[in-house]
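Trainee: I've got a model to read and I'm a bit lost. Can we go through it together, one question at a time?

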Amino acid sequence: MQQEAITVLRLTQKETEDLKVGVNLVNGPSDKKFAIYRPAELTDGEEGENIGIRACMNICKHQGGTFIKDIEDLDSSVLRCTKHGWRLDCQTMQYVNPPNSFRQEELIPEFGEDGGLKLVELRPPQPWQQDPRNALEIKPGEVEVTYFSHACVEMKLGEVRMFTDPWLTGPAFARGWWLLHEPPCDWLDRLASTDFIYISHLHSDHLSYPTLEQLYKRNPDVPIYVGDVSTPVFSKMEEHGVKMNNITVLEFGVWKEINADLRFMILMDGVHPELDTCLLIDYKGHFILDTVDCTNPNGGRLPHNVDVMMSDFAGGAAGFPMTFHGGKYTEDWKRNFIKSERRKLLYYKTQVVRKVNPVVYFPFAGYFVEAHPSDKYIKDTNAKISPNALNDLINKHSPDIKTWTPLPGSMFDLGKILKDKDDITAFRDPPPGTKILKDDWDFDKYLDAIDASIYNEIFAYPEWVEFYYKWCQFKNYNLVVKMIETDDNFQPIEGAYTYMVDFVGEVPTFPSERPDRTHNYLEIRNRIGVHRQTMLTGMFWDDLYIGFNNRITRDPDTFHYQFWNYMQVLLPQEPPKWEEFLEEQRAKGARGRSVWAPSNKALIKGTTRVPQSYSSILCTAALSMAVGVAAAVALRILVRSR
Ligand code: FES
């Protein structure tokens, strides 16, 4: 298969001459939309080659939204996406919100002999198009897909059995996410004897160390395959005390042959290529596509008419906006945002599935619950899309796609479906007596392990703050972050640290007040246990942010992609050398703080009363902090951000 150059838009000479200086939004054939930037001076290159015009499809890289001009700034080269407000500068084809983030793929502008402009899209051959195979018959019982939990399924592919993303016990994101479904009770036996496991990315609802810890004790040699992302999926394995012996990192877009019938390849995500991956399996010429959490799997270029497709569906997998407060983040605003956001996501997911047009589709990778009582506010407000709502919408527009809502232990038989789509015996319910929903999560076991970090000796010495942020190496970014340790309910706590870090220079500084210069500012309240565990182990900040373990206010109200991406994906792989730090402190006879940790577990838990909303916590917290400068600063920030 060759690379193709497809002309996606042709303008006449008159239409070309009518292009205004600046951004032109143009509708093309088949509902295709384009953004064309025309500079004040057009330069002709050799042989009609154009230099100056820049053009792209009017499709937002995030979730396929459409760009429009900002009504308040019609002459700007910056467009705004109508879905979630990302901004694209068409003069540079660089996204400016999120700042310092993505580039838009460009079309090639060419002038024809008639003086008209045409836009050409270069379509590289897709890796699965190399060495294609004819689809052979699959017999009943030959290919079976059994759902376990969240993003974990077991697939029987002829003689081979494989698992995806086994999160089967314990929490994810420190203590923020818990399994909604009770996995089949023999999960460990089946996982330990499987032929191989695919792990899509390092987020802990996919790379679950509590699960791997049990697998490791049973069979540390199970082959595990991951994609070659820039931050290795297993970069923090040692910090978790697990050592799987048989991990293979695969290049993207290259078939991994398992046997004569079975091969698979890992593909990257168009929005988070450094993090997310997805999986394409070819069994006897039949494709199974698992797009997992990819926002824009393989940059939107996916095989069509696959046999099986599964993808995430639920939304609500981040702290935004439920963990934000101040300014526009009222309860009403959040409720409306969530409602409209979920509606957009529902349509986007439907669109992606319909484009791929699988024989069978099922939603997964969204079955979690904020089960811990201290996260009741999040659980009550962080509404998610129901799998049935997505399946219904797909069926409404594409009745030929067979949809399935999986339950633990339920399965389907692909051979039967391919023979007769209406064969009701192709789908099997969970075995009788199967427990579907979890109702016990053993909270204390996991929370106690997290909270043990609070009492690590390093926190006796306030110098740990400087040591950590120098290790972290985030720099040259005009951002000041104030970190406040709190109890589980985000209230002040005995022995806590409150500190400020200024990232503007080559090395971080630690001012006691916000600097006078214009700067970006984040104030983050963090549960003390998760905060100290994150600092101590050098692990990514997902546990804090995605795990709902902090509360954030920001001024101005901007998403700092560069900061969060660094803290969540790019931190140094080697953890901080705390032994050296302690030796230093001892050598210089540092005395440390007299009180540097809460004196008991009840204090860490905070009040047993679960607050109605974060606004009420904030008021209580701000009032109880009314001591000296700290309260004055907190209140000043609050007033300013409204
Ligand atoms: S910002 Fe464009 S689709 Fe989300």
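**Working through the model**

Trainee: What pLDDT do local features need here?
Mentor: First, residues are numbered from 1 along each chain as its sequence is written. Since this is a predicted model, side-chain atom pairs count only at pLDDT 80 or more, totals for chains, interfaces and linings use all residues, and local features need pLDDT of at least 70.

Trainee: Then what's the mean pLDDT of the chain?
Mentor: pLDDT is the predictor's confidence in each residue, from 0 to 100. In this chain 93% of the residues reach 70 or more, though over residues 608-642 it stays under 50. The chain's mean pLDDT is 91.

Trainee: Back to Pro-321: which residue does a cis peptide bond join to it?
Mentor: Look at omega, which is about -5 degrees for this bond. The partner of Pro-321 in the cis bond is Phe-320.

Trainee: Is Ala-365 buried or exposed?
Mentor: Ala-365 sits in the loop between strand E25 (360-363) and strand E26 (368-369), and has a positive phi of about 60 degrees although it isn't a glycine. The cut-offs: a residue is buried if 20 or more other C-beta atoms (placed from the backbone) lie within 10 Å of its own, exposed if 12 or fewer, and partly exposed in between. Ala-365 has 25 other C-beta atoms within 10 Å, so it is buried.

Trainee: And how does Asn-395 count?
Mentor: Asn-395 lies in helix H6. It has 15 C-beta neighbours inside 10 Å, so it counts as partly exposed.

Trainee: How far apart are the C-alpha atoms of Leu-390 and Leu-346?
Mentor: Leu-390 is in helix H6 (residues 387-397). Two residues are in contact if their C-beta atoms, placed from the backbone, lie within 7 Å; leaving aside neighbours within four places in sequence, Leu-390 has several contacts, including Phe-313, Pro-363 and Leu-346. Along the chain Leu-390 and Leu-346 are 44 residues apart, yet their C-alpha atoms are separated by 6.3 Å.

Trainee: How many residues has the largest nonpolar core?
Mentor: A nonpolar core is a set of buried Ala, Val, Leu, Ile, Met, Phe, Trp, Tyr and Cys residues joined through C-beta atoms within 7 Å. In the largest one, Leu-280, Leu-289 and Phe-412 are among the residues with the most contacts inside it. Its size is 102 residues.

Conventions. Helix = DSSP H or I, 4+ residues; strand = E, 2+ residues; numbered from the N terminus.
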